[in-house]
Structure formats: structure tokens, C-alpha cells
Amino acid sequence: MIRRAVIVGGQGAVGRLFTEKLFGSGIMICVVDPAGAGEPAAGGARRIHGDITDISPALAKELRLADLVMLAVPEPVALASIKGVAAVMRPGTLLVDTLSVKQRIAEELSAHLDGVEGLGLNPMFAPALGFEGRVVAASVTYDGPLTTELLGMVESWGARVVRVDAVEHDRLTAVSQALTHATVLSFGLALHGLGTDSVEVGRIAPPPHKTLASLLARVSSGTPEVYWDVQSANPQAAGARTALAEAARRLADTVKDGDESDFAALMATVRGALGAELENYRDLCARIFASV
């Protein structure tokens, strides 16, 4: 059973989310933070000073005692820490990462874990929204009873766990995250380039514009590090951005050189991209538009 956990990066948004929920589930939590100790961590968990890429004797002791070690840190830190952390952890325990990209971390886990379970979690939502009704992607490198226990906890918090391997995870998130964020940010860059006044536009803006502007406000107000990781670390994100640029050019060329029937054909093509989910998304859009 999971009785003790070390959350590295427990003061960050994702780390705090897991710290609060695990602490609330009765697990003893030690939050590792390079900034110092003494200040209470999320949920009242204990907090110690430590650098997970340069493990001190005190930190090594915490890692050896833990049933669960979670790396809620940026990818470079996580990749640099795996070998050292895995060498300290007891067999039969569980090492978890919360990265937005899974292939490289899965390779590190495969190379260095010996008798330790390995699990990658990616909450597919902003931490402030909470787990209830949200999807958590789970990529299992080495399965076992603690993996099953933790995923059961996540589901008990109201989340829907979707298991995908590391390669499939990165392929799907290149579309659902990298492409989506790139589209929203490109919309913002276009708005800036056009030099229009947002107040003036807002006076006559229809629901689609308000919805995109709302997405832009949320994404652009987020933590740059998170969005940078999604765009730069995913090996398939570059292809998604290329597809977005090519799509914009195709739309422009259709309007410039085609006619109404060509445009109708283009709309039929993009409508087909939603496949069996077309009606579900159309209904969701109607509900969204009812509030804007």
C-alpha cells in the first residue's frame, strides 16, 4: 500500500494538486523544494529543502522511506534525476512523472528502474479545475500493485483514467494540446498584427470570436513553461504546427483562386475531421455559445 510519498515540485500547480489529494487520502507527504524548508506545503504536508538532481543524504533517506515518489517538475529536471532517484528507491515502490511528453521519460525509466514500478501521468486540464470529470492520461512503463492503487485513487477523485503507451500519448497530445495551443496562439498573433482594438471588436463580436478570445485569454495567461514544454518537447508537435500553417495557406488559396463550390468542398473536408464526434461537438458548441 501507498503510505508515504515524496512529491518533488510539490509547490508547483500540478504538484500541489496531487499533494492535496494524496494528503487528503491519508498518505504522509514530504514535499521537496529547492527553495528551502519550513514553510508549510499544500494541504499541510511536510516540506524540505532538496535538489532532486543532486541528492543529499537527507533527501536520499526520504526517497528510501517513500512508497511513492512523484516528479512534478519540468522535463530537463526529471530526465536528469531518474538515474539517481531510481538507485535510491526500494524495490516494490512506485516512481511517477507528470510530464506533458512521455517518450523520453519512458526511455529513461526503462533504462534505470530495477524492481520499481514506473508510471507517467498527464492531467489533461489546468490544475485549478480539479480532477472531477476530467481526463488523466496514464502511460505505464512497469506495472504493479502500487500503480493499480494510485490509478484507483485518481479515479476515486472523480477523474477518468485513460491508459495509453508513451508513443501513442505523444501522438495524441500533439493534436489535442500542441495543435490546439498553436492555433489559439496564432489567432492571438494575428489579432495583434491586425492592430484592432479589443473593446471595439468586442462590441460586435459573435460567439465564435468570443469563444476563441476566451481561449486566448486563458492560454496566454498561463505558465509559459508549461506551454513551451508542450510545443518544444513533443517530437510530433512540429508536424502539427506544419499542418496548421499548411491549412492556413490552403484556406487562403481556396478563397483567392477558387469559387464557392471549392469553399464548400473545403468545409466538407474539415467537417469530416470530426468523424463520429461531429454531433457531440456541435451540441457542446451550442451549450458554450449559450453562455457567451
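**Salt bridges and helix packing**

User: What makes Asp-67 and Arg-90 a salt bridge?

Analyst: The closest N and O atoms of Asp-67 and Arg-90 are 3.2 Å apart, and the rule asks for a Lys or Arg side-chain nitrogen within 4 Å of an Asp or Glu carboxyl oxygen, so the pair qualifies. Asp-67 is in the loop between α2 (57-65) and β4 (68-71), and Arg-90, 23 residues apart from it, is in the loop between α3 (75-88) and β5 (94-97); helices (H or I, at least four residues) and strands (E, at least two) are DSSP runs numbered from the N terminus. The model is predicted: local features need pLDDT of at least 70, side-chain atom pairs pLDDT 80 or more, while totals for chains, interfaces and linings use all residues. Residues are numbered from 1 along each chain as its sequence is written, and side-chain values use heavy atoms, without hydrogens or water.

User: Why does Asp-67 count as buried?

Analyst: Its relative accessibility is 11%, and buried means under 20% (exposed is over 50%, partly exposed in between; 1.4 Å probe, protein chains only). Therefore Asp-67 is buried, whereas Arg-90, at 33%, is partly exposed.

User: How many salt bridges does this rule give?

Analyst: The count is nine. Among them is Asp-97 with Lys-102, at 2.6 Å from N to O; both residues are buried. Arg-171 and Glu-168 form another, at 2.7 Å, and lie three residues apart in helix α6.
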